[in-house]
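Hello,

Here is the structure I promised to hand over.

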Amino acid sequence: MDAADRRVPHAREMRPHAAAFVARATARHRLPLDYSVRSLRVVDFIVDGLRKGGTERERVAGTLFGLGAYVGEVMVRRAGAAWVDLDADQRGYFGQTVGVRMPDGRVWNPLGKVLNRYLGGGPEDSLQTFYLTLHGRARRAAA
């Protein structure tokens, strides 16, 4: 990761970061990252491939961050969430500076969920399942 990737992100930067990540990933690999709930299964496969390839976490940290931004943006677009800067207690709990707030006020950590998938990789760490069982979603969110 370069110095720009190591700085602390803010909520207002996450949507453009996700869009830039998707543009790079789809241009190189033609991945179906279309912000659909279905595309979260693709994210599961990508993270599994990084882990199974034996790539060190530090070498894939930027990719994991981009995937986490993408998962968060799916939550924003499909579940009615909003990117938020986390307060000190939330940062301590989640280990991240940003997260998403659901319409019911619950705060979730998509960046950490992607990291958990990378570190654990079991079915309980599926990002698609995470979304499908997510509490606090809006019934119908705008795309």
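Start at Trp-83, whose bridge partner in strand 2 is Val-100. Val-100 also has a bridge partner in strand 3, namely Trp-108. Please keep in mind that this is a predicted model.

Three strands make up an open sheet, ordered 1-2-3, with antiparallel pairing. Strand 1 (82-85) and strand 3 (107-108) are the edge strands, and each of them pairs on one side only. Strand 1 and strand 2 run antiparallel and are joined by four bridges. Strand 2 (residues 98-101) pairs with strand 3 over two bridges, again in the antiparallel sense. Opposite Arg-101 you will find Val-107 of strand 3.

Look at the hairpin of strand 2 and strand 3 as well. Five residues lie between its strands. In this hairpin Gly-105 has a positive phi, near 95°.

What does helix 2 lie across? Helix 2 (residues 11-29) lies across strand 1 and strand 2, and runs at about 135° to strand 1.

Helix 2 also packs with helix 4 (residues 57-79). The angle is about 115°, and the axes are 8 Å apart. This crossing of helix 2 and helix 4 is left-handed. From helix 2, the contact takes in Met-14, Arg-15, His-17, Ala-18, Phe-21 and Val-22. From helix 4, the residues met include Phe-65, Leu-67, Ala-69, Tyr-70 and Val-76. Also on the helix 4 side are Thr-63, Gly-66, Glu-73 and Arg-77. By class, the contact of helix 2 with helix 4 has nine nonpolar, three polar and three charged residues.

**Helix 4 on helix 6**

Next comes the other contact of helix 4. The axes of helix 4 and helix 6 come within 7 Å, and they cross at roughly 130°. Helix 4 is therefore oblique to helix 6. Helix 4 passes helix 6 in a right-handed crossing.

On the helix 4 side, the contact is made by Arg-57, Val-60, Leu-64, Phe-65, Leu-67, Gly-68, Ala-69, Val-71, Gly-72 and Met-75. Helix 6 brings Pro-110, Leu-111, Val-114, Leu-115, Tyr-118 and Leu-119. How do the residues of this contact of helix 4 with helix 6 divide? There are 13 nonpolar, two polar and one charged.

**Helix 3 on helix 6**

Helix 6 (residues 110-119) has a contact with helix 3 (residues 39-52) too. Their axes come within 8 Å and cross at roughly 50°. That makes helix 3 oblique to helix 6. Helix 3 passes helix 6 in a right-handed crossing. Arg-41, Asp-44, Val-47, Asp-48, Leu-50 and Arg-51 of helix 3 make the contact with Val-114, Arg-117 and Tyr-118 of helix 6. The residues of this contact of helix 3 with helix 6 divide into four nonpolar, no polar and five charged.

Asp-44 and Arg-41 are about one helical turn apart, because three residues separate their positions in helix 3. A search of the whole structure finds seven salt bridges.

Where is Gly-121 found? Gly-121 is in the loop between helix 6 and helix 7 (127-132). The C-alpha atoms of Gly-121 and Asp-48 are separated by 6.6 Å, with the two residues 73 apart along the chain. Setting aside neighbours within four places in sequence, Gly-121 is in contact with Arg-51 and Asn-116.

Best wishes

Technical notes
Residues numbered from 1 in each chain as written. Predicted model: local features only at pLDDT ≥ 70, side-chain atom pairs only at ≥ 80, totals over all residues. Heavy atoms only, no water. Axes fitted to C-alpha atoms, helices over the stretch in contact; angles between N-to-C directions. Parallel < 35°, antiparallel > 145°, perpendicular 65-115°, else oblique. Left-handed = near helix turned anticlockwise from the far one by under 90°. Contact = heavy atoms within 4.5 Å. Nonpolar A, V, L, I, M, F, W, Y, C, P; charged D, E, K, R; others polar. Pairing = 2+ DSSP bridges. Salt bridge = Lys/Arg side-chain N within 4 Å of Asp/Glu carboxyl O.
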